[in-house]
Amino acid sequence: MRTFRGGLLIGLAVAVAVAVVAITYERYDTKTLKRTIRRGEVLCGVNTGLPGFSIPDDKGNWTGFDVDFCRAVAAAIFDDPTKAKFIPLDANERFKELQNRKVDILSRNSTWSMSRETSYDLYFPAVAYYDGEGFMTPRSRNIDSALDLNGSKVCVQAETTTQLNLADYFRANNIKYQEMKFAKLEEVIKAYDTGQCDTLTADVSQLYALRLNLGKPGDHVILPDVISKEPLAPVVRERDDDWMLIVKWTLYAMINAEELGITSKNIDEALKSKKPDVMRLVGTEGNYGEELGLTRDWAVRIIRRVGNYGEVYERNVGSGSKLGIPRGLNQLWNAGGIQYAPPIR
Amino acid sequence: MTKFRHLIWMVTAAVGLTLSISQSYAQQPDVGDQPGLLADDSVELEPEYRKQMVYYRSTEPPGTIIISTAERHLYLIQGNGRAIRYGIGVGRDGFQWQGLLNISRKAEWPDWTPPPEMIVRQPYLPRFMAGGPGNPLGARAMYLGTTVYRIHGTNRPDTIGTAVSSGCFRLVNADVADLYERVPVGTKVIVRQKPEL
């Protein structure tokens with residue numbers, strides 16, 4: 001009798017444990033790729049409007065660096081970059097909406113940090129764009145290094161990490177400055193443009209966008225120094241490894257393509273190449289695409305339909321765009337920057 | 001009359017120089033060059049080709065020149081993760097090369113003697129041209145090792161950012177003069193190409 005009751009208790013405990021495991025398991029989505037394929041499009045969470053990164057025109061056509069990255073994922077899966085649907089999300093709701101499965105991927109200038117990965121059950125597969133805090137000064141000041149900013153009046157947005165980084169950097173380098181804080185970014189710009197301060201600090205990508213709206217953009221320079229780490233990365237849900245790997249290797253395929261000299265214009269030539277690195281990327285040797293759950297020509301689809309990393313950069317934020325941001329940190333590792341992709345082999 | 005005598009002297013000198021000059025001393029601007037055309041210094045370069053300080057990570061020591069042919073940029077390494085970047089014009093297809101050389105000689109307002117193989121390709125070119133504002137080599141030239149290649153100025157600032165030369169690297173005159181003051185003879189010059197498929 002005693003053993004029977006004991007057995008019952010053990011059985012009950014096992015049942016409860018199995019149920020708990022099952023519920024926990026369900027909490028994590030592992031079927032993003034399957035659902036995306038069934039649906040026939042990738043749902044991309046993007047910024048509501050940020051020139052160069054993601055912005056809709058009056059007909060609702062989206063353009064930008066983040067937009068093109070999502071199109072590259074769609075191209076890898078469907079061989080069609082238009083199979084991407086853009087869902088504008090503001091900063092407060094973006095991570096929640098990703099968790100709630102409203103989008104398959106966030107491609108929305110989000111900074112990768114440890115707490116965001118640990119506290120939201122999210123994963124940042126790879127850095128798409130290295131941003132960071134920088135400085136703009138009038139060209140007439142003839143300054144070409146942040147270390148020469150001694151005695152500057154610096155305009156900065158109050159209550160931001162930008163303000164904290166500024167204080168840290170100037171203290172660490174023993175530079176004296178006068179801080180002029182404003183609550184809104186528009187006020188910061190206005191103060192700089194009207195000469196209330198002689199230095200403006202914000203993230204570098206932002207400085208280039210802000211400079212366009214100054215009275216005389218050509219009279220201002222953005223210094224090459226980057227004093228903080230703002231690695232912008234796509235974001236996916238944790239524990240959906242198949243999907244995470246597709247997002248990660250889409251970016252790495254684009255970076256590797258640039259390093260190997262493969263562009264949307266010479267992709268047909270690349271298919272005839274006898275160089276092993278090129279052959280592995282374009283799928284004429286090995287079968288890396290199918291191991292990813294896609295096709296052998298997955299990278300060719302990305303490069304042909306959207307372009308390599310450099311093409312996407314220049315078109316949206318670089319020399320082919322109004323922003324004209326120099327490659328800087330986002331240049332390849334062997335050409336002065338730090339963009340580096342693991343090999344495809 | 002003095003003008004005429006001067007011209008005679010120049011032609012004689014030109015013929016003499018053309019005959020005596022060795023190939024390694026010949027100089028190579030090319031297509032797109034219009035000998036005699038005065039440089040229009042008011043031409044404004046595209047922003048990406050204007051001289052500027054940029055972030056550039058390198059293991060090369062400060063003072064080294066790195067030329068990226070595909071980018072159409074010449075970097076002068078400054079250390080501390082930065083470089084001065086200039087816009088350049090580069091060799092057209094079939095006239096691009098890569099490697100490591102040193103600046104072997106520097107000259108202000110250099111004379112130009114197109115080498116024989118260039119004359120064969122472009123018979124209309126002069127055999128010799130004295131240095132000056134109409135000279136395709138522009139305000140300064142920095143000679144690379146014992147090759148026929150140079151970093152030089154130009155009388156065609158509108159060709160910066162393009163691939164038209166016979167393998168030389170051209171900068172606008174203001175930029176080449178700026179670079180000239182910053183680099184001594186012996187400076188290491190690394191030329192990088194885009195990878196081949």
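# Notebook: chains A and B of a predicted model

I began with chain B: among its contacts between residues at least 6 apart in sequence, 71% join residues at least 24 apart. I count two residues as in contact if their C-beta atoms, placed from the backbone, lie within 7 Å. For chain A, 71% of the contacts between residues at least 6 apart likewise join residues at least 24 apart.

I noted that this is a predicted model, in which local features need pLDDT of at least 70, side-chain atom pairs count only at pLDDT 80 or more, and totals for chains, interfaces and linings use all residues. Residues are numbered from 1 along each chain as its sequence is written, while chains are lettered from A and ligands numbered from 1 in the order in which they are written.

**Entry: chain B, the elements**

I looked up the secondary structure of chain B and found three helices and 11 strands. Helices (H or I, at least four residues) and strands (E, at least two) are DSSP runs, numbered from the N terminus. Read from the N terminus on, the order in chain B is α-β-β-β-β-β-β-α-β-β-β-β-α-β. Chain B has 197 residues, and buried ones make up 41% of them. A residue is buried if 20 or more other C-beta atoms lie within 10 Å of its own, exposed if 12 or fewer, and partly exposed in between, with C-beta atoms placed from the backbone.

**Entry: chain B, the sheet**

In what order do the nine strands of the open sheet in chain B stand? I read it as β1-β4-β3-β2-β11-β6-β7-β8-β10, with mixed pairing. Two strands pair if DSSP finds at least two bridges between them. At the edges I found β1 (52-55) and β10 (169-170) of chain B, each pairing on one side only. I then looked at what packs on this sheet: helix α3 (residues 173-182) of chain B does, and it touches β3 (73-79), β4 (82-87), β6, β7 (140-144) and β8 (150-152) of chain B. The direction of α3(B) makes about 55 degrees with that of β7(B). Axes here are lines fitted to C-alpha atoms, for helices over the stretch in contact, and angles run from 0 to 180 degrees between N-to-C directions.

I followed β6 (residues 99-108) of chain B, which runs antiparallel to β11 (residues 188-192) of chain B and is joined to it by four bridges. Across this pair, L101(B) stands opposite V189(B), and G99(B) has V191(B) as its bridge partner. With β7(B), strand β6(B) pairs in the antiparallel sense over five bridges. There I found A107(B) opposite A141(B).

**Entry: chain A, the sheet**

Chain A has 14 helices and 13 strands, and its C-alpha trace spans about 90 × 65 × 40 Å along the principal axes. I looked up one open sheet of five strands in chain A, in the order β10-β9-β11-β8-β12, with mixed pairing. Strands β10 (177-182) and β12 (220-222) of chain A stand at its edges with a single partner strand each, so one side of each has no neighbour in the sheet. From one strand to the next the twist averages 30 degrees.

Strands β8 (residues 133-138) and β11 (residues 199-203) of chain A run antiparallel and are joined by four bridges. I picked out M136(A), whose bridge partner in β11(A) is L200(A). Helix α6 (residues 161-172) of chain A packs on the sheet and touches β8, β9 (152-157), β10 and β11 of chain A. Helix α8 (residues 204-211) of chain A also packs on the sheet, touching β8, β11 and β12 of chain A.

**Entry: chain A, a buried helix**

Why is helix α13 (residues 298-305) of chain A largely enclosed by the rest of the structure? Eight of its eight residues are buried, so that is how I describe it. Among them are W298(A), I302(A) and R305(A). The cover over these buried residues includes α3 (65-78), α9, α10 (267-270), α11 (276-282) and α12 (288-291) of chain A.

**Entry: between the chains**

How many residues of chain A are in contact with chain B? I found 21, against 15 residues on the side of chain B. The chain A side divides into 10 nonpolar, eight polar and three charged residues. Ala, Val, Leu, Ile, Met, Phe, Trp, Tyr, Cys and Pro count as nonpolar, Asp, Glu, Lys and Arg as charged, and the others, Gly among them, as polar.
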